[in-house]
Amino acid sequence: MSSNEVASPDSEVQYRGKSYRVIKEGRAYILKPPAETAATQATRRDLKPEDKDQTVFYNPIQQFNRDLTVLAIRVYGEHVMAKNKLANKHTPKSRTKKRKREDEQVKGTEELPDTQHVDPCPFTILDALSASGLRALRYASEIPFVTRVVANDLSSSAIQSMKLNIEYNRLENLIQPNTGDARMYMYRHVEERKKFDVIDLDPYGSAAPFIDAAVQGIKDEGLLCITCTDAGVWASNGYPEKSFALYGGIPMKGLHSHEGGLRLILNSVAIAAGKYGLAIEPLLSLSIDFYARLFVRIHRSPAQAKFMSGNTMVVYNCDSGCGAWTTQPLTQTRQKLDKKGNPFYHFGLAQAPTGNQKCEHCGMKTHLSGPMWAGPLHNSDFIQKILDLLPQVDRDVYQTLDRVEGMLTTALEEDLSLQIIPENDQSPASEDTAPTGDSLHIIARTDPALREPHPFYFGLASISKVIHTTTVPYYEFLGALRHLGYRCTRSHTKPNTVRTDAPWTVIWEIMREWARQKGPIKEGSIRPGTAGAGIMAKSRKLQINPQLTALRQELITASEDGKDVPDLITRVEAALYRSRSQCSLDSSTELSAGNARDTRTDNSSVDCSKLDVVFDESLGRQTRRRKRLVRYQVNPRANWGPLGRASGGARR
Ligand SMILES: [Zn+2]
């Protein structure tokens, strides 16, 4: 069959004596029997069970996931190729020529790749739960240096239709279909020479049952891609027991449960890997719609696996009160220097607990979640390399490119260390730090000792609701944080969320100031004993004490209405008397009623009552971006992190 026999998308074709509808995604074509076409027009809830089964053959909603994955594996593969090249400096000329020819083919034309030659430099992918084989078809046709893709599925009928599609796409030399249990297949490939560069787990539901086999079937520094579509388990508080059984951790309640879910899944991978002397490095961890998509690099290094416990935490959540949280690492990692001044790590027990029994901000009870991954969610270098690739790829092939770019940019900006840089500042990297040639593709290793210092995020609507004030506008709130010298950004998981290094004591002081300056709280709307009452009990007394406000008003009225001096004196004396008796009444009721106050301890490190809170919208709107110097950082530093970087309680 020549290339002009490949039908245009969404047309009917006759192939091997049968009629099919052709669907094109990326550079791959899928043949669908007409009966399946109707069922997969949409993944509606009202589909009949038999139609639902057929939708497994093509789910258009997952195109974003597949587009992103192809691009991510390509960037990762370029890293592997570059690393191999740097390892063998004398690359034969013939291979270089062939690579160039393949690159031109992919960039320039819509032709299907020539599968006749096999690259002597292997790059292998296992699509462990392949179903229709669409992912395998896309990897084989869109990633130029792929030498072998194994498309495995338990269902022999899925493999039959997959074989048809492999033939139709003329990818027989690159894709090897396999019928069988994914775990058994991966356990049979734990031998070094049989391992894969990339293993993709894309199940319907949880990938948890496959993770142990996957971490063993992957090469040193290999890439593990994981989808988990059971957000109802890892990002909700409905099934803590199920979440623990699957992922070994308890989910959290609240807006930040989606990041909590990503951390639960990562922890389950870290635990599976650790027992084999493998350490995980999350390259990209996304919570998208109803599923999680994670890209994790697996390092064979018992030394790096030692950082795991220090990068694991439980979280105390004020989920029935103000929404604040406190993190508790499982162990403490301290960097020390030996006699020669070389750094080494000491792994010790962590002090516990880091939080009080009741929330220190509002006095309500807290709940426990975790254990979960406490390290970084992403590798900025990896994300930046995918973003750098986007202008080179064909928008017709990657139809979800805008969303890929938006999602990756937001994920990249979750890094609070990004600086606010004026738009006209191009901040050029010095020539000697910008890598060239093959080293340009190397993905720098994240510091394995690094703990995420400021995990999670909150929503402004929810925290405004706690104290019954109007929702503070997004950029005014960011401006207030920045005016106080704190850094802030948003989470990729939800719009209008705030990630910040400001402690909760400061966040609540900003909210109290919001209520005082701009969003007055209607009298009586905060009931005693609620989280809002606990938060507002810490108000700046001098400025918003209601007795003083009333006294001030009475004195103003007296000075305006007083007929003469004796009348004025009488009015002022009366006002002072009323104010004093009101004060003594209040203090006695406060003593008898306020048991919630006794259990709270203030964060003594910040004297919030003196903070100059300014809702500076233009400061909040300033964008942050990466300096080129940081963006092109190539090699991890010789020593991991400055002294004490990963130690301490990471208290919020
Ligand atoms: Zn609270």
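Is Tyr 168 buried or exposed, and what is its relative accessible area?

Analyst: Tyr 168 is buried, with a relative accessible area of 2%; buried means under 20%, exposed over 50% and partly exposed in between, with a 1.4 Å probe and protein chains only. The model is predicted, so local features need pLDDT of at least 70 and side-chain atom pairs count only at pLDDT 80 or more, while totals for chains, interfaces and linings use all residues. Residues are numbered from 1 along each chain as its sequence is written, and side-chain values use heavy atoms, leaving out hydrogens and water.

The structure holds 16 aromatic pairs. In one of them, Tyr 15 and Tyr 168 are edge-to-face, at 5.0 Å centre to centre and 90 degrees between the planes. Rings of Phe, Tyr and Trp (its six-membered ring) pair if their centres lie within 6.5 Å; planes under 30 degrees apart count as stacked, over 60 as edge-to-face and the rest as tilted. Tyr 15 belongs to strand β1 (residues 12-15) and Tyr 168 to helix α6 (residues 156-168), so the pair ties together parts that are 153 residues apart in sequence. Helices (H or I, at least four residues) and strands (E, at least two) are DSSP runs, numbered from the N terminus. Tyr 15 is buried as well, with a relative accessible area of 10%.

Phe 307 and Phe 347 have ring centres 5.4 Å apart and planes at 70 degrees, so this pair is edge-to-face. Phe 307 lies in the loop between α12 (302-305) and β11, and Phe 347 in strand β14, so parts 40 residues apart in sequence are tied together. Phe 307 is buried at 4% relative accessible area, whereas Phe 347 is partly exposed at 31%. Elsewhere, Trp 325, Phe 456, Phe 458, Phe 477, Trp 504 and Trp 508 form one aromatic cluster.
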